[in-house]
Amino acid sequence: MSEQRIIPFADVRDEDTSLVGGKAVSLARLQHSGVNVPAGLCITTQAYTTYVEQAGVRERVHMELERKPLEDMRWEEMWDAALRIRSMFLNTPMPHELEQDLSAGLESFFASGKAVVRSSAPGEDSGGTSFAGLHESYVNVGGLPDLLESIKKVWASLFSDAALLYRRELGLNAATSSMAVVVQHLIHGQVSGVAFTRSPEDERALVIEAVHGLNKGLVDGIVEPDRWSLDRQTGEVLTSYAPLRDRWIVPTSQGTQQRALDENRQNLPPLDKKQLIKVYTAALQAEELFGSAQDMEWTMDKGHLHVLQTRPITTGRNTNREDQRGWYLSLRRSLDNLKALRIRIEQEILPGMDELAAGLGEQDLRELSDPALAGEILRRKEMYAKWERIYWDECIPFAHGARLFGQVYNDTLKPSDPFEFVQLLSSSGMLSLERNQMLHRMAAVVQKNPDLRKALSDGRPEEADAEFDQLLTEFLDRFGDLFCHQASCTQGREDVLGLVLKMAKHGRLPDQSIHDADDALEKSFLQAMGPEGASQAQELLDLARSSYRLRDDDNIYLGRIEAELSRAVTEAQARLARQEVSCVLHDPQMVAAALQNPKADNVCQATPKAREDTDHIR
């Protein structure tokens, strides 16, 4: 073999970063310095390059990312691109010679037992770019086929949605970037955690966090850790925090699983004083070795400390308030987090929105005095702002739970179409489906009646026939006179009529409904997950269906509240027109102020804006 495709930690040197990546170099330095590191090896960047070039993957990835300039991609488009690229890696076999080389090295090193497969990109974990979590890691991987599969998944994560978001900082280039992979023996630690050699709150302190079980629970945010702050000089405990200990992550035949923590461990902190000092000592040793403050991941098996990885502590990601990328990444939620969100959305948020909109709709605004209407506008503006925050903080993340299912589905079945999983997520209970069906019915009536079409086109809706007028009234009563469809929002009766005319002119719009779930696909998915995974697979599918159903429905509920705010603003605008306030005002705050004092000098100072400029973009 002319290329270096596999290098054991014992043979890795500092100058090998471009070949094995920053993580592998750090682990090798720790091992060479006598720190207890799980034995492992590195699949080099040369192996990655051989795969993507000989299998034709690099050219296909480049073509995928050339569909649209990355800087112009919305984050949803980045997720979709990453999903298609991941599918390329999953469905493209390794060249025979490369597979033989990797198989021989892995079999000799991991003849038995389980492994952890981690990313080790050349720029990863360097002092300037410490981007934890952008690339994939797989825990409790056993058997040669699964090891090779996990290596390809790590390679694919070089182009994950997270990596695409931070492509400039990472120097990501489809034509030249590469990925190394670290494969280590899995340590079945009874206690795991992280150590930060400098606290962000007090530079004199070192912070240690620990959980019972594997570190995946802490890293993924599933299990809240115990936390200690120690004096860096003496090791004295300055402060400590004990959470509710009720869960832990343990290895299973299918990977890892969250389970209830037994009562004995619930009452015990993960670390005693002696073990705490072991972690403290190892963390400071790592800091001294690398010459900078470290974020060290560790686990403890039968009292023996093992350092899993260490990286420099940096701010890493851009902290600019206008940089929304961190928020985008926060949408990648765990299954447990999504389950909790679902309960709150279905039992509290959507009923709360519905009740509020119904109550506001019953109010006769014409009976209010001008000052009372101004106050009502401000009250409705405040209520809408509250529910909009909830919508962004909770509904939007849950709406992307379907993507978690999509990744599991694709990893399991490897379909040629990476979006095949969508066929399993249909639901006849979607409000958006009902909304679209009502629009189609109105468009069909217009298509059959040329006189009606001409009347609507000429701006004479009062001449509409009884059938159409009833359908329009039912639509507005059901959905309010503001609703969102595809990428825009429609406001008022005139906008709805305009959309219906467009649909009637061009025939049926592409059907936005999703066909009934394909029983054969569902059966294949559940069977592929195996007997042990079938229950969790069914739970994930059910959650994904709820997520997919609510991705538009929550928007409709919020639109009803906004419609009631708009109704109050419209009533105020009509009153201002009667008082000969000549400028057009749309901002609720300005409308309320003008209604309270229509003769004020500053009422019309703001530049009028077109409606589409003030629409909320969802």
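Because the model is predicted, local features need pLDDT of at least 70 and side-chain atom pairs count only at pLDDT 80 or more, whereas totals for chains, interfaces and linings use all residues. Residues are numbered from 1 along each chain as its sequence is written, and side-chain values use heavy atoms, with hydrogens and water left out.

The chain holds 23 helices and 15 strands, taken as DSSP runs (H or I, at least four residues, for helices; E, at least two, for strands) and numbered from the N terminus. Of its 618 residues, 51% are buried (under 20% relative accessible area, with exposed over 50% and partly exposed in between; 1.4 Å probe, protein chains only). The accessible surface comes to about 29600 Å², and carbon and sulfur atoms account for 47% of that area (Shrake-Rupley method, 1.4 Å probe). Among contacts (heavy atoms within 4.5 Å) between residues at least 6 apart in sequence, 70% join residues at least 24 apart.

Two packed helices are described by the angle between their axes and the distance between the axes. Axes are lines fitted to C-alpha atoms, for helices over the stretch in contact, and angles run from 0 to 180 degrees between N-to-C directions. Angles under 35 degrees count as roughly parallel, over 145 as roughly antiparallel, 65 to 115 as roughly perpendicular and the rest as oblique. A crossing is right-handed if the near helix is turned clockwise from the far one by less than a right angle, and left-handed if anticlockwise.

The axes of α4 (residues 75-91) and α6 (residues 144-156) cross at roughly 150° and come within 9 Å; the two helices are therefore roughly antiparallel. Their crossing is right-handed. On the α4 side, Arg86, Phe89 and Leu90 meet Glu149, Lys152, Lys153, Trp155 and Ala156 of α6. These residues comprise four nonpolar, no polar and four charged (Ala, Val, Leu, Ile, Met, Phe, Trp, Tyr, Cys and Pro count as nonpolar, Asp, Glu, Lys and Arg as charged, and the others, Gly among them, as polar).

Helices α1 (residues 17-32) and α11 (residues 273-290) pack at about 110° with axes 11 Å apart, and are therefore roughly perpendicular. This crossing is also right-handed. Ser26, Arg29 and Leu30 of α1 meet Ala286, Leu289 and Phe290 of α11, giving four nonpolar, one polar and one charged residues.

Glu522 lies in α20 (residues 519-528) and counts as buried because its relative accessibility is 16%. Apart from neighbours within four places in sequence, Glu522 contacts Leu424, Gln538, Leu541 and Arg545. The C-alpha atoms of Glu522 and Gln538, 16 residues apart along the chain, are separated by 9.2 Å.
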